Amino acid sequence: MKMLQFEIKKVFCKVKNQMAVALLLVILIAVSMLTMNRVEYVDSNGNHISGMMGARSLRAEKNKWKGEITEDVLEAVVREKDAINHSPESRSDNIEELDKAYAKTQGFSGIAELINNAFSEWRDYDHFAIDNVSAEEAKSVYARRISNLKQFLDSGEETFSDSEKKYLIKKYEELETPFYYEYTDGWSALLQNISTFILVLALIIGFLVSGIFSSEFQTKADAIFFSAKLGRNRAVLSKMGAGFLITTVFYVVFVLLYTLVVLLALGADGANCPIQMDMWRSVYNVTFLQAYLLIVAGGYVGTLFAATLSMLASAITRSTATAIIVPFIVLCAFPFLSRVITLPGICSFFPDQLLEVYITMKDCVLVELGGKVVDVVSVIIPVYAAVCLLLEPILYRVYKKAQVS
């Protein structure tokens with residue numbers, strides 16, 4: 001335990017690492033503020049209010065429509081929207097008056113978006129589709145989600161195999177309806193920005209652990225380290241443990257801080273609402289909370305993978321600078337590589353995808369393994385988790401057998 005504490009202390013005694021932690025705190029505050037400003041409310045006078053105050057007012061408006069989105073609710077929303085469209089404010093050319101008209105629609109805006117999605121082209125979104133839908137037609141929203149998918153799959157505009165088509169249709173038909181509606185903007189804002197924060201967090205964690213295995217060589221203390229009684233066994237394990245603890249504790253603490261700040265400011269209502277309220281075409285039949293847990297799990301595995309590779313590079317090259325570059329290559333260079341390689345099946349398994357679970361959930365990214373069709377997220381998270389475990393004994397052996405310079 002003392003050896004482990006000593007290795008962790010060595011990491012945070014360095015000024016550059018202390019500055020990295022300070023930078024991470026600044027980034028946490030900045031990203032939290034940007035996320036909170038995603039939620040905006042327009043009052044009855046047409047004034048725009050964002051952040052915590054706007055979220056509070058918007059939540060009160062949306063929760064007036066709280067409950068299951070039944071056929072009667074869909075019909076009521078179309079009638080309400082039509083009445084607002086015929087109001088003097090909505091017919092005005094003045095922006096302030098138009099904002100006043102928009103303010104009246106905020107309570108049922110999430111339901112209106114479902115109708116817009118259902119009556120829009122598959123690859124497009126018509127913001128005004130609801131204005132051309134009758135109250136009777138609006139009742140078919142859930143059925144149209146499935147029929148629109150089937151029509152798209154039969155259009156020839158896609159590249160799915162027959163088994164993938166059957167999988168998509170099955171997942172669409174399995175989604176429970178009617179949806180439950182309430183304010184979900186806090187979760188929506190959180191999910192939209194959390195991947196960016198996790199990426200920054202992963203890079204800084206990679207920076208923190210990059211010198212754990214190379215420091216002995218750079219300070220010329222390798223001869224003493226490896227000649228010590230426990231230098232080639234327990235001391236190596238202590239370094240590995242320090243890297244794992246720093247990665248895990250920093251990830252959990254900062255993701256939790258970011259989550260708490262955002263949800264305390266914007267509200268945590270709607271955790272159990274289906275993610276299709278935000279991602280209409282998603283094949284993942286999960287709630288906002290479940291989607292959040294998937295994103296966080298993918299981010300953790302991706303961060304651990306990048307940090308482990310960084311430590312392995314540190315042990316092999318004995319260079320902290322080289323080790324620092326590794327997470328950037330793994331998490332930042334691969335997205336550019338995926339734009340060059342025109343093989344989406346391969347690109348979907350790049351490690352950067354672990355930090356892009358939110359985007360993957362919005363798209364229909366599937367893979368066929370052993371004749372069975374599964375979604376990519378269900379594959380890459382356990383696969384890279386297993387790879388991280390396999391890298392641990394390799395890291396141990398590489399450093400244990402290191403030659404004294």
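**Close-up 1. Helices H7 and H8 pass each other in a left-handed crossing.** In this predicted model, H7 spans residues 109–118 and H8 spans residues 141–153. Their axes come within 9 Å and cross at roughly 35°. From H7, look for Leu 114, Ile 115, Asn 117 and Ala 118 at the contact; H8 meets them with Val 141, Arg 144 and Asn 148. Sorted by class, the residues of this contact are four nonpolar, two polar and one charged.

**Close-up 2. Phe 250 and Phe 254 form a stacked pair.** The structure holds ten aromatic pairs, and here is one of them: the ring centres of Phe 250 and Phe 254 are 5.6 Å apart and the planes lie at 20°, which is under the 30 degrees used for stacking, so the pair counts as stacked. Both residues belong to helix H13 (residues 234–266), and because they are four residues apart, about one helical turn separates them. Phe 250 and Phe 254 are both buried.

**Close-up 3. The charged end of Arg 145 sits over the ring of Trp 280.** Follow the arginine side chain to its charged end, which is placed 5.7 Å from the centre of the Trp 280 ring.

**Close-up 4. Arg 281 lies over the face of Trp 122.**

Technical notes:
Residues numbered from 1 in each chain as written. Predicted model: local features only at pLDDT ≥ 70, side-chain atom pairs only at ≥ 80, totals over all residues. Heavy atoms only, no water. Phe/Tyr/Trp six-rings, centres within 6.5 Å; stacked < 30°, edge-to-face > 60°. Helix = DSSP H or I, 4+ residues; strand = E, 2+ residues; numbered from the N terminus. Buried < 20%, exposed > 50% of the residue type's maximum accessible area, 1.4 Å probe, protein only. Lys NZ or Arg CZ within 6 Å of the ring centre and 35° of its normal. Axes fitted to C-alpha atoms, helices over the stretch in contact; angles between N-to-C directions. Left-handed = near helix turned anticlockwise from the far one by under 90°. Contact = heavy atoms within 4.5 Å. Nonpolar A, V, L, I, M, F, W, Y, C, P; charged D, E, K, R; others polar.
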